[in-house]
Amino acid sequence: MMNKENYHNQDAIDKLKELVDSIDMGMLCTHPDDTRHVHAIPMSTQEVDDKGNIWFLFSSESETYRNLQRDKTICLLYANPGSYQFLSIHGNTEVSKDQERIDKYWSNMMKTWFEGGKEDSNLLVLKVIPAEAHYWDTKSNKLVTVVKTAINSIADEPMEIGRCGDLKI
């Protein structure tokens, strides 16, 4: 049984940050103009700030950027199946060339995508502003969760296998 536990305000931001930091890689989904299907790409999170905004570096040459020019809403999905942690975020975005953030988030690994370094003309900052978020968190590993689920199928008193809920930032 999954217990429902909603978080609000700072507690919601703390839970969001905890999950994003433990998973890091999210699937960023944007809305192309020519199809009903989403365009999804893996993105490495740079930061969850004190207000719950999620930051990325990305390219002005990407399909993601083109999609955001038309529709600034996104869905951001994080999953760690090994520990049964999942997070779904719907939100709005802002795109900038904020040099302070570029300097803050830049690493040598970024050279793979931006040959011009921090001064690459295609390098942009993406700010995701969560509008709503939902999480699932078992706080244990996959094996423990599977065992608890099996026990629940035969037990009179179900065991808690984790928590889920809304994050109201």
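Biologist: Which residue in β9 is the bridge partner of Thr93?
Modeller: Val128 is the bridge partner of Thr93 in β9. Strands here are DSSP runs of E with at least two residues, helices are runs of H or I with at least four, and both are numbered from the N terminus.

Biologist: What sort of model is this?
Modeller: It is a predicted model, where local features need pLDDT of at least 70, side-chain atom pairs need pLDDT 80 or more, and totals for chains, interfaces and linings use all residues. Residues are numbered from 1 along each chain as its sequence is written, and side-chain values use heavy atoms, without hydrogens and water.

Biologist: How many bridges are there between β8 and β9?
Modeller: 12, in the antiparallel sense. Two strands pair if DSSP finds at least two bridges between them. β9 is also joined antiparallel to β6 by six bridges, with Ile54 partnered by Val128. Five antiparallel bridges join β9 to β10 (residues 162–168), where Leu167 stands opposite Ala133.

Biologist: Is β9 enclosed or open, and why?
Modeller: β9 is largely enclosed by the rest of the structure, because 11 of its 15 residues are buried. Buried means under 20% relative accessible area, exposed over 50%, and partly exposed in between, with a 1.4 Å probe and protein chains only.

Biologist: Back to Ile54. Which residues touch the most other members of the largest nonpolar core?
Modeller: Ile54, Leu76, Tyr78 and Leu87, out of 24 residues in that core. Elements giving two or more residues to it are α1 (9–23), β6 (54–59), β7 (73–80), β8 (85–96) and β9 (123–137). A nonpolar core is a set of buried Ala, Val, Leu, Ile, Met, Phe, Trp, Tyr and Cys residues joined through side-chain atoms within 4.5 Å.

Biologist: New topic: which residues of α2 are buried?
Modeller: Thr64, Asn67 and Leu68, in a helix spanning residues 63–70. They fall within an arc of 100° seen down the axis, so they line one face of α2. The arc is that of the directions from the helix axis to the C-beta atoms.

Biologist: And how many aromatic pairs?
Modeller: Three. Phe58 and Tyr65 form a tilted pair, because their ring centres are 6.2 Å apart and their planes are at 55°. Tyr84 and Phe86 are edge-to-face, at 6.1 Å centre to centre and 65° between the planes. Rings of Phe, Tyr and Trp (its six-membered ring) pair if their centres lie within 6.5 Å; planes under 30 degrees apart count as stacked, over 60 as edge-to-face and the rest as tilted.
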